[in-house]
Amino acid sequence: MSERLELTGMVLSAVPMGEYDKRLVILTKERGKISGFAKGARRQNSPLLAAAKPFSFGVFECYEGRSSYNIYQAQISNYFERLSLDLEAAYCGMYFLEFADYYTRENNDEREMLKLLYAALRALENPRLDNLLVRYVFELKAMVINGEYPEVFCCASCGSKEDLAAYSHEKNGMLCADCAAAAPCEPVLQSTVFTMQYVVSAPVEKLFAFAVSDEVLREFIRIQERFRKTCVDRKFRTLETLQEILPAFAWKPGLWR
Ligand SMILES: [Zn+2]
């Protein structure tokens with residue numbers, strides 16, 4: 001029999017299988033993203049009944065099978081129950097899970113992504129934070145962790161660190177005032193530049209601790225929407241649902257201009 005393992009992680013998705021079982025995808029600290037079979041998880045007396053659901057975070061006890069893991073027990077330390085009380089937060093959270101699923105792999109070091117996911121869900125549970133800002137901060141940071149992000153620290157054209165005043169979608173980066181005068185770009189506020197620099201460089205623990213003006217949020221969203229579409233060619237089912245249900249999340253080019 002294979003070795004018994006304890007893996008710390010979060011359930012990204014849970015799909016019913018047969019009459020009583022579930023297939024789980026879990027983002028773990030130790031093994032990256034894994035796929036696991038939770039036998040009997042839908043039975044009323046199963047120790048996995050409550051654990052085998054999206055957002056459950058804790059320690060999962062399992063055996064490693066040939067192509068997947070067999071999960072037989074879990075100690076959940078956070079179910080993120082408050083998300084289920086708030087439709088907007090719940091749908092945002094589901095999108096975060098799908099986005100994290102897209103960017104992670106098995107046997108890869110995904111600890112930063114797991115930390116980010118945990119911090120972002122905590123931020124959604126915090127009524128003082130704007131979910132729309134949380135969403136774009138999460139999205140950009142997830143891309144940073146994966147190594148794809150816009151140049152926000154110096155001019156994407158000449159390299160100057162001074163006077164960054166515009167954003168170029170063609171160059172995927174900020175432009176200084178001189179270069180901005182000579183290329184197609186959109187002007188941005190200094191605060192938007194600082195906001196994006198902060199998201200790119202701040203540790204995950206300190207990421208969801210700021211607020212911005214509506215104008216800065218709009219500029220940040222415009223840039224991040226175009227940037228995500230440049231790098232990611234797939235459609236996210238949970239994002240489409242989010243946008244259908246909550247029009248504030250349905251960003252369209254020109255909406256705010
Ligand atoms: Zn320049």
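**Notebook: first pass**

I began with the inventory and found 7 helices and 8 strands in the chain. For these I used DSSP runs, with helices being H or I of at least four residues and strands being E of at least two, numbered from the N terminus. I keep in mind that this is a predicted model, where local features need pLDDT of at least 70, side-chain atom pairs count only at pLDDT 80 or more, and totals for chains, interfaces and linings use all residues. Residues are numbered from 1 along each chain as its sequence is written.

Next I checked the overall dimensions: the C-alpha trace spans about 65 × 35 × 30 Å along its principal axes.

**Domains**

I looked up the domain assignment, and it gives domain 1 (4-79) and domain 2 (82-153 + 161-249). Such bounds come from an automatic or database assignment. Taken over C-alpha atoms, the centres of domain 1 and domain 2 are 29 Å apart. How many residues does each domain bring to the contact? I read 14 residues from domain 1 and 19 residues from domain 2, where contact asks for C-beta atoms, placed from the backbone, within 7 Å.

On the side of domain 1 that touches domain 2, the elements giving two or more residues are β1 (4-17), β2 (21-28) and β3 (32-38). I noted that β1 gives the most, with 4 residues.

**The sheet**

I then turned to an open sheet of 3 strands, in the order β7-β6-β8, with antiparallel pairing. Strands pair here if DSSP finds at least two bridges between them. β7 (173-176) and β8 (186-187) are at the edges with a single partner strand each, so one side of each has no neighbour in the sheet. I traced 4 bridges between β6 (residues 164-168) and β7, and saw that Ala-166 has Leu-175 in β7 as its bridge partner.

**Two positive phi values**

Phe-80 is not a glycine, yet I found a positive phi of about 50° there. Phe-80 is in the loop between β5 (69-78) and α1 (87-103). Phe-80 counts as buried because it has 20 C-beta neighbours inside 10 Å; the rule is buried at 20 or more other C-beta atoms within 10 Å, exposed at 12 or fewer, and partly exposed in between, with C-beta atoms placed from the backbone.

Asp-163 also has a positive phi, near 60°, and lies in the loop between α3 (131-145) and β6. With 14 C-beta neighbours inside 10 Å, Asp-163 counts as partly exposed.

Conventions. Two residues are in contact if their C-beta atoms, placed from the backbone, lie within 7 Å.
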